[in-house]
Amino acid sequence: MSESLAEERFRIGYALAPRSVSSFIQDSLFLHAKERGVDLIPIDLEKPLVEQGPFDSVFHKLYDEKWKKQLEEFSLKNPTSIIVDPLDAIEKLHNRVSMLDAVKQLEIENLEIPLQAFVDSNESLMDAVANQGMKFPLIAKPVTANATADAHQMFLFLNQDGLTGVKPPIILQEFVNHGGVIFKVYVAGDHVKCVKRKSLADISEEKLGDSENLIPFSLISSEQSDESLAKLMEATEMPPLSFVNEVSKQLRESLILHLFNYDMIRDSRDANRYLIIDINYFPGYAKVPEYETLLTPCFLDIAQQKRSRDTCNLDQLENNKMHEEETGNLDHPENNKTYEAESNGH
């Protein structure tokens, strides 16, 4: 794909909640895209979508029924415009019960997900742990995964006693020691960027017997901000680029999404074992260094897809017109008279 559009400009309308705008649209991205023929245009959420535009593509991070109906109406009126992304595909990532199902479908060696279980009552807690063969420590995550504060309230359980403080429904996920570093992989269409971030420190066997058996993530994170961990993160090697690209490609095809990121860890006990522990739709790309060079090529790829759709649509209209003309000629009365005359003149 070329690094810019040589012909007409490509118009992307974006619909985001006010709190999400700055995590996507910054001056640097706006200007970088504009220089390459892409205009980023805010969608007025107070007006019907079909009355705005024209838009070659719509990027969005809204999920209510009213917006869903607006997208459907827009697509009917603009069949070649590209919606990024389909709501039904996005919804799978809003539920941690189904979130990691796509990873199980990937055919990639050395890639897994942690053992986990959905728990809907306190009575089934230990049964879920036993049935899945999970070992402590465990992480409790809310079932719903979205931008709300409640969706990010997670807890670490060092032992069985900690489970008494659980309030189902939750997802229990086995904690895997990973050296205190997590790999956040940002995907924008065919374009990928992997960055390192601080994570939870490894938990020793001695720590499992700690009297503090239930710890909120917020408190654990504050303990990990020391200089030694920063040095550890700096020394941590990135996963092979070919591996990251292949995981991202297969995951994108499985999810049927353009915009997402996933959290991946490397097992401290086995440097060849990677696990995906979380996937998020339309993450805060602005946190990625030089994120403009990640998103703008994605915009240009979508512009090419839109032009291909327009060309196919024009060809189809032309074929339909030719077919109608041919059908019309056959049905014309004069043509019928000629045929009858020839038939009677033998």
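## A walk through a predicted chain

Buried residues make up 44% of the 346 residues in this chain. Keep in mind that you're looking at a predicted model. The chain folds into 12 helices and 14 strands. Among its contacts with a separation of 6 or more, 73% link residues 24 or more positions apart.

### The annotated sites

Let's begin with what the record says. An unreviewed UniProt entry has a "binding site" annotation that covers Asp278 and Asn280. Both Asp278 and Asn280 are included in the lining of the largest pocket.

Where in the fold do you find Asp278? Asp278 sits in strand β14, which runs over residues 274-281. Asn280 has its place in strand β14 too. Is Asp278 buried or exposed? Asp278 is buried, because its relative accessible area is 8% and buried means under 20%. Asn280 comes out as partly exposed, at 23% relative accessibility.

Now for the neighbours, setting aside residues up to four places away in sequence. Asp278 is in contact with Arg96, Met99, Leu100, Asn261, Tyr262 and Asp263. Asn280 touches Leu93, Phe260, Asn261 and Asp263.

Lys61 belongs to the loop between β3 (57-60) and α3 (65-77), and at 21% relative accessibility Lys61 counts as partly exposed. Beyond its close sequence neighbours (up to four places away), Lys61 touches Ala15, Leu16, Ser20, Tyr281 and Phe282. His152 lies in the loop between β7 and β8 (155-157). With 49% relative accessibility, His152 is partly exposed as well.

Next, have a look at helix α6, which covers residues 125-132. Which residues of α6 are buried? They are Leu125, Ala128 and Val129. Looking down the axis of α6, you'd see its buried residues fall within an arc of 100°, so they line one face of the helix. Ala130 and Asn131 are exposed on the other side of α6. What do the buried residues of α6 pack against? Their partners are the strands β6 (116-119), β7 (138-142) and β9 (170-174). Just after α6 comes Gly133, which takes a positive phi of about 70°.

Helix α2 (residues 27-35) has its own buried set: Leu29, His32 and Ala33. These residues cover an arc of only 95° around the axis, which puts them on the same side of α2. The face turned away from that buried side carries the exposed residues Asp27 and Glu35. Just after α2, Gly37 has a positive phi of about 90°.

Now to some details of the backbone. Here are a few angles to look up in the structure.

| Where | Feature | Angle |
|---|---|---|
| Phe136 and Pro137 | cis peptide bond | omega about 5° |
| Pro168 and Pro169 | cis peptide bond | omega about 5° |
| Asn110 | positive phi, not a glycine | phi near 70° |
| Ile256 | positive phi, not a glycine | phi about 60° |

Pro137 has its place in the loop between α6 and β7, while Pro169 is in the loop between β8 and β9. Asn110 lies in the loop between α5 (101-104) and β5 (111-112), and Asn110 is partly exposed, at 40% relative accessibility. Ile256 is found in the loop between α10 (241-255) and β13 (259-266). Is Ile256 buried or exposed? Ile256 is exposed, since its relative accessible area is 57% and the cut-off for exposed is over 50%.

### The cysteines

How many disulfides does the chain have? The count comes to zero. Cys298 is buried, with a relative accessible area of 1%. Cys312, on the other hand, counts as exposed, at 52% relative accessibility.

Technical notes
Residues numbered from 1 in each chain as written. Predicted model: local features only at pLDDT ≥ 70, side-chain atom pairs only at ≥ 80, totals over all residues. Heavy atoms only, no water. UniProt positions renumbered as here; feature names shortened; annotations may be inferred. 1 Å grid on protein atoms, 1.4 Å probe; cavity = no way out; pocket = protein on both sides within 12 Å on 5 of 7 lines; lining within 4 Å. Helix = DSSP H or I, 4+ residues; strand = E, 2+ residues; numbered from the N terminus. Buried < 20%, exposed > 50% of the residue type's maximum accessible area, 1.4 Å probe, protein only. Contact = heavy atoms within 4.5 Å. Disulfide = S-S within 2.5 Å. Arc of directions from axis to C-beta.
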